[in-house]
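Here is a briefing on one protein model, written for quick reading.

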Amino acid sequence: MQDAFAHCAELVRTADRDRFLASLFAPADRRDALHALYAFNIEVARVREVAREPLPGEIRLQWWSDVLNGEREGEAQANPVAAALLATVTRHRLVVSTLTALIEASRFDLYDEPMATVGDLEAYAKSRSSVLLALAAQILAGMGVEIAAGPAGMAYAIAGLLRAFPLHARRRQFYVPIELLDRHKVRQQDIFAEKSSAGVKAALSDLRALAREHLRAAHPRIVALRRSVIPAFLPVALVRPSLDRLERSDPFAPREIPAWRRQWLIWRAARNPARIAG
């Protein structure tokens, strides 16, 4: 089993560096569980890249649902991420239905259907990101943190989607809600052609404002959290700097925070949690 957890740690280190760095501030006896949870999230998030077509993607997501519901025990034990995740679910009493809800939300990623409304986007962000924050906090002995995980996770997810906007445009995926595009008279063809119009900039500005709104709501709630659960929230410290850089960038060529600065921002937030969403 230790090999399975080691596999998860390496996967998170290479594919989700921010969460890996944040996990280093967690107690040593909780890191394996965090790595298993984050590795599971990576596997679900990259289903579209691995499967390439919706049907194989659906099959892959269904496999994870089956694993969590105890229907593929032999196959699960042969998969290091699945084996480590199941051990983590048992050890930390994670609610299986919460994990399967994350999988269900990820089905949207398999298709090119547009995100219709801001409310739809918030529901997606909450199911994909806020849930992950709450589960990580539970591993760190932080029951009842949903009030902070909700807005913090939505801010983190929206910032991530804004950073990935050029990739999604090339794939013809729409995470920017159609209601925002309609409000600013943006044609889908302009996004496919990567035309950085005033309308596109205005729609993305609305999304940045939404992320900042959720970040403001998260701030007093994160400050009130016990120190023991703070490592789960450390990646949220990257949201405000990311939004600031996006505001000064071309929508189709977003400015990224250098790796060294991302590490410094996480370290600084670990020392002073008020900086996470402040």
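In this predicted model, the largest cavity is lined by Leu121, Ile158, Leu161, Leu162, Phe165, His168, Gln173, Phe174, Tyr175, Val176, Leu204 and Leu207. Helices H10 (146-163), H11 (165-171) and H14 (198-223) are the elements that give two or more residues to that lining. The space inside comes to about 100 Å³.

**Cavities**

- Rolling a probe the size of a water molecule over the atoms shows where empty space is left.
- Three cavities of 30 Å³ or more are present in the structure.
- Which helix gives the most to the lining of the largest cavity? H10 does, with three residues.
- The lining of the largest cavity has ten nonpolar residues and two polar ones. No charged residue takes part in this lining.

**Largest pocket**

- The largest pocket holds about 980 Å³ of space.
- Its lining counts 34 residues. Closest to the centre of the pocket are Arg19, Ala45, Arg128, Gly160 and Ala164.
- Several helices each supply at least two lining residues of this pocket: H2 (17-23), H3 (28-45), H4 (47-51), H9 (118-139), H10, H11 and H16 (239-247).
- H10 gives the most here, with six residues. H10 also gives the most to the lining of the largest cavity.
- The lining of the largest cavity, by contrast, has no charged residue.

**Packing of H1 and H7**

- Helix H1 (residues 2-15) packs on helix H7 (residues 80-92) at an angle of about 105°. Their axes are 8 Å apart.
- How are the two helices oriented? Angles of 65 to 115 degrees count as roughly perpendicular, and H1 and H7 are therefore roughly perpendicular to each other.
- From H1, the contact uses Ala4, Phe5, His7, Cys8 and Leu11. From H7, it uses Pro80, Val81, Ala83, Ala84, Ala87, Thr88 and Arg91.
- Nine residues of this contact are nonpolar, two are polar and one is charged.

**Buried side of H8**

- Helix H8 (96-106) has these buried residues: Leu99, Thr100, Leu102, Ile103, Ala105 and Ser106.
- The cover over the buried residues of H8 includes H3, helix H5 (54-68), H7 and H9.

**Leu37**

- Leu37 belongs to helix H3.
- Is Leu37 buried or exposed? Its relative accessible area is 0%. Buried means under 20%, so Leu37 is buried.
- Beyond its neighbours within four places in sequence, Leu37 is in contact with Leu85, Leu99, Leu132, Leu135, Ala136 and Ile139.
- Leu37 and Leu135 are 98 residues apart along the chain. Their C-alpha atoms are separated by 8.1 Å.

**Arg93**

- Arg93 sits in the loop between H7 and H8.
- Its relative accessible area is 72%. The cut-off for exposed is over 50%, so Arg93 is exposed.
- Residues up to four places away in sequence aside, Arg93 touches Thr88 and Gln138. Thr88 is also among the H7 residues in the contact with H1.
- Leu135 lies 42 residues from Arg93 along the chain. The C-alpha atoms of Arg93 and Leu135 are separated by 10.0 Å.

**Positive phi**

- Most residues other than glycine have a negative phi.
- What is the phi of Arg93? Its value is positive, about 55°, although Arg93 is not a glycine.
- Arg172 also has a positive phi, near 65°. Arg172 is likewise a residue other than glycine.
- Where is Arg172 placed? It lies in the loop between H11 and helix H12 (178-183).
- Arg172 counts as partly exposed, at 47% relative accessibility.

**Arg13**

- Arg13 is part of helix H1.
- Arg13 has a relative accessible area of 33% and is partly exposed.
- Arg13 and His35 are 22 residues apart in sequence. From C-alpha to C-alpha they are 8.9 Å apart in space.

Notes
Residues are numbered from 1 along each chain as its sequence is written. This is a predicted model: local features need pLDDT of at least 70, side-chain atom pairs count only at pLDDT 80 or more; totals for chains, interfaces and linings use all residues. Side-chain values use heavy atoms; hydrogens and water are left out. Axes are lines fitted to C-alpha atoms, for helices over the stretch in contact, and angles run from 0 to 180 degrees between N-to-C directions. Helices (H or I, at least four residues) and strands (E, at least two) are DSSP runs, numbered from the N terminus. Angles under 35 degrees count as roughly parallel, over 145 as roughly antiparallel, 65 to 115 as roughly perpendicular and the rest as oblique. Contact means heavy atoms within 4.5 Å. Ala, Val, Leu, Ile, Met, Phe, Trp, Tyr, Cys and Pro count as nonpolar, Asp, Glu, Lys and Arg as charged, and the others, Gly among them, as polar. On a 1 Å grid over the protein atoms alone, a cavity is a set of points where a 1.4 Å probe fits but cannot get out, and a pocket is an open set with protein on both sides within 12 Å along at least five of seven lines; lining residues have an atom within 4 Å of a point. Grid points are joined across faces, edges and corners, and a volume is the space filled by probe spheres set on the points. Buried means under 20% relative accessible area, exposed over 50%, partly exposed in between (1.4 Å probe, protein chains only).
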